[in-house]
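The sequence and the structure are shown first, and a discussion of selected residues follows.

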Amino acid sequence: MTQLTRSHAETMDGAKRSLVAKTGNWTHFIGLQPRNLAGDIKEQAADVIQQLDTLLAECGLAQSDLFTVTIWLKDMRYFSGLNAVWNGWVDPAAPPARTCVSGELYRPDLLLEIVAVAYAEKDAA
């Protein structure tokens, strides 16, 4: 029987959710958003990526364990700014599969949100 664990439960603007859900070798990081919404796309992207790094480490995972990443942008005009931050962080030899889509986000000052899935052969914490 595969066990499901959830962590980092929080309420954001009325929605109760867990930021991390793990089952077997799969770990899902859901709805990662910048904490400081006053920043530009580069600042918001750096904040979210730093959160992802922290959560990966807490789960005993590394960037190389990332399997897929989906990024929602408020507007595709932010794409090059996002990529400037992303490309400075991601391992160019082993990037995860990534897609970026544009759509209306629930707050006007929220410029992006990230969902990531990691897979590790090892038993991650």
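Leaving aside its neighbours within four places in sequence, with which residues is Asp-47 in contact? The contacts of Asp-47 (contact means heavy atoms within 4.5 Å) are with Pro-34, Arg-35 and Asn-36, once neighbours within four places in sequence are left aside. Asp-47 is found in helix H1 and counts as buried because its relative accessibility is 14%, where buried means under 20% relative accessible area, exposed over 50% and partly exposed in between, with a 1.4 Å probe and protein chains only.

The model is predicted, so that local features need pLDDT of at least 70 and side-chain atom pairs count only at pLDDT 80 or more, whereas totals for chains, interfaces and linings use all residues. Residues are numbered from 1 along each chain as its sequence is written, and side-chain values use heavy atoms, with hydrogens and water left out.

## Overall fold

The protein has two helices and six strands, which follow the pattern β-β-β-α-β-α-β-β when read along the sequence; helices (H or I, at least four residues) and strands (E, at least two) are DSSP runs numbered from the N terminus. Of the 125 residues in the protein, 42% are buried. Among contacts with a separation of 6 or more, 66% are accounted for by residues 24 or more positions apart.

In soluble globular proteins, nonpolar side chains tend to be buried together. Leaving aside neighbours within four places in sequence, Phe-29 is in contact with residues including Leu-19, Val-20, Leu-52, Leu-55, Leu-56, Ile-114 and Val-115.

Leu-56, found in helix H1, touches Phe-29, Leu-61, Ala-62, Gln-63, Leu-66 and Ala-118, not counting residues up to four places away in sequence. Between Leu-56 and Ala-118 there are 62 residues of separation in sequence, but 8.5 Å in space, C-alpha to C-alpha. Thr-27 lies in strand E3 and, with residues up to four places away in sequence not counted, touches residues that include Val-20, Cys-59, Leu-61, Ala-116 and Ala-118.

The accessibility of several residues discussed in this report is collected below.

| Residue | Relative accessibility | Class |
|---|---|---|
| Leu-56 | 1% | buried |
| Thr-27 | 1% | buried |
| Tyr-119 | 28% | partly exposed |
| Trp-26 | 32% | partly exposed |
| Gln-50 | 38% | partly exposed |

Gln-50, which is placed in helix H1, is 16 residues from Pro-34 in sequence and 9.5 Å from Pro-34 in space, C-alpha to C-alpha.

## Helix packing

H1 and H2 pack at an angle of about 35° with their axes 8 Å apart, where axes are lines fitted to C-alpha atoms, for helices over the stretch in contact, and angles run from 0 to 180 degrees between N-to-C directions. The crossing of H1 past H2 is right-handed, a term that applies if the near helix is turned clockwise from the far one by less than a right angle, with left-handed meaning anticlockwise. Residues of H1 including Ile-41, Ala-45, Ile-49 and Leu-52 meet residues of H2 including Gly-81, Leu-82, Val-85 and Trp-89. Within H2, Gly-81, Leu-82, Asn-83, Val-85, Trp-86 and Trp-89 are buried, and what covers the buried residues of H2 includes H1, E4, strand E5 (97-102) and E6.

## Aromatic rings

Rings of Phe, Tyr and Trp (its six-membered ring) pair if their centres lie within 6.5 Å, and planes under 30 degrees apart count as stacked, over 60 as edge-to-face and the rest as tilted. By this rule the count comes to three aromatic pairs. One of them joins Trp-26 and Tyr-119, whose ring centres are 4.6 Å apart and whose planes stand at 55°, so the pair is tilted. This pair links distant parts of the chain, as Trp-26 belongs to strand E3 (residues 26-32) and Tyr-119 to strand E6 (residues 112-119), 93 residues apart. Ring pairs link Trp-26, Phe-67 and Tyr-119 into a cluster.

Arg-98 lies over the face of Trp-86, at 5.1 Å from the ring centre; a charge sits over a ring if NZ of Lys or CZ of Arg is within 6 Å of the ring centre and within 35 degrees of the ring normal.
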